[in-house]
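Dear colleague,

I am passing on the structure we spoke about, together with some notes on what turned up when I went through it. Please look at it first, and then read on.

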Amino acid sequence: GCEVSLWVAEQFASDLQKSFPLLCIRAVSSNKLLGMFGQEIELPATGFQMSGELYDLHNPICIIVSHSGGTFSPLALSSLFQGVTKHVFAITSDWDTPIGKQLKQFQKRNELFSSYIFSTGCGT
């Protein structure tokens with residue numbers, strides 16, 4: 001996510017890490033992840049201690065937090081991650097946002113969970 005969504009995701013990750021200290025939990029801007037993994041050539045995240053070599057993207061659980069569910073980077077990240085994991089979830093304002101629609105299509109191919117979208121019910 002970006003802006004407020006990123007702050008909410010960072011706080012959620014911090015709380016989750018305190019509850020489950022043995023899990024590897026990271027909150028990262030979708031723009032940074034797209035720069036590292038969504039290009040032919042990795043774009044460095046200057047000033048941040050992260051690189052493509054530090055992240056194992058073999059079947060992670062990915063939770064994308066985006067209030068509008070339609071901004072470019074979270075939507076593009078959802079597409080990118082569907083190629084490496086079956087576990088892509090979204091927390092968004094409503095079920096029928098663009099990212100929600102995209103994950104519903106993904107859900108048809110992967111029936112592990114009954115839903116991949118969590119709605120805050122806040123509207124856009």
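The protein has four helices and three strands, and when these are read along the sequence they follow the pattern α-α-β-α-β-α-β. Please keep in mind throughout that this is a predicted model, so that every value below is computed from predicted coordinates.

As for the protein as a whole, 36% of its 124 residues count as buried, and its accessible surface comes to about 7900 Å², with 59% of that surface belonging to carbon and sulfur atoms. Of the contacts between residues at least 6 apart in sequence, 58% join residues that are at least 24 apart.

The helix pair that I looked at is formed by helix 2, which covers residues 30–37, and helix 3, which covers residues 72–81; their axes come within 9 Å and cross at roughly 45°. On the side of helix 2 the contact is made by Ser-30, Asn-31, Leu-33, Leu-34 and Phe-37, which meet Phe-72, Ser-73, Pro-74, Ala-76, Leu-77, Leu-80 and Phe-81 in helix 3.

Leaving aside residues up to four places away in sequence, Ala-9 touches Ala-27 and Val-65. The C-alpha atom of Ala-9 is separated by 9.1 Å from that of Arg-26, which is 17 residues away along the chain.

Thr-92, for its part, lies in strand 2, residues 87–92, and with a relative accessibility of 1% Thr-92 is likewise counted as buried. With residues up to four places away again left out, Thr-92 touches Ser-66, His-67, Ser-68 and Gly-69, and also Thr-97, Ile-99, Ile-117, Phe-118, Ser-119 and Thr-120.

Conventions
Residues are numbered from 1 along each chain as its sequence is written. This is a predicted model: local features need pLDDT of at least 70, side-chain atom pairs count only at pLDDT 80 or more; totals for chains, interfaces and linings use all residues. Side-chain values use heavy atoms; hydrogens and water are left out. Axes are lines fitted to C-alpha atoms, for helices over the stretch in contact, and angles run from 0 to 180 degrees between N-to-C directions. Helices (H or I, at least four residues) and strands (E, at least two) are DSSP runs, numbered from the N terminus. Contact means heavy atoms within 4.5 Å. Buried means under 20% relative accessible area, exposed over 50%, partly exposed in between (1.4 Å probe, protein chains only). Accessible areas come from the Shrake-Rupley method with a 1.4 Å probe; for residues, only the protein chains shown count as cover.
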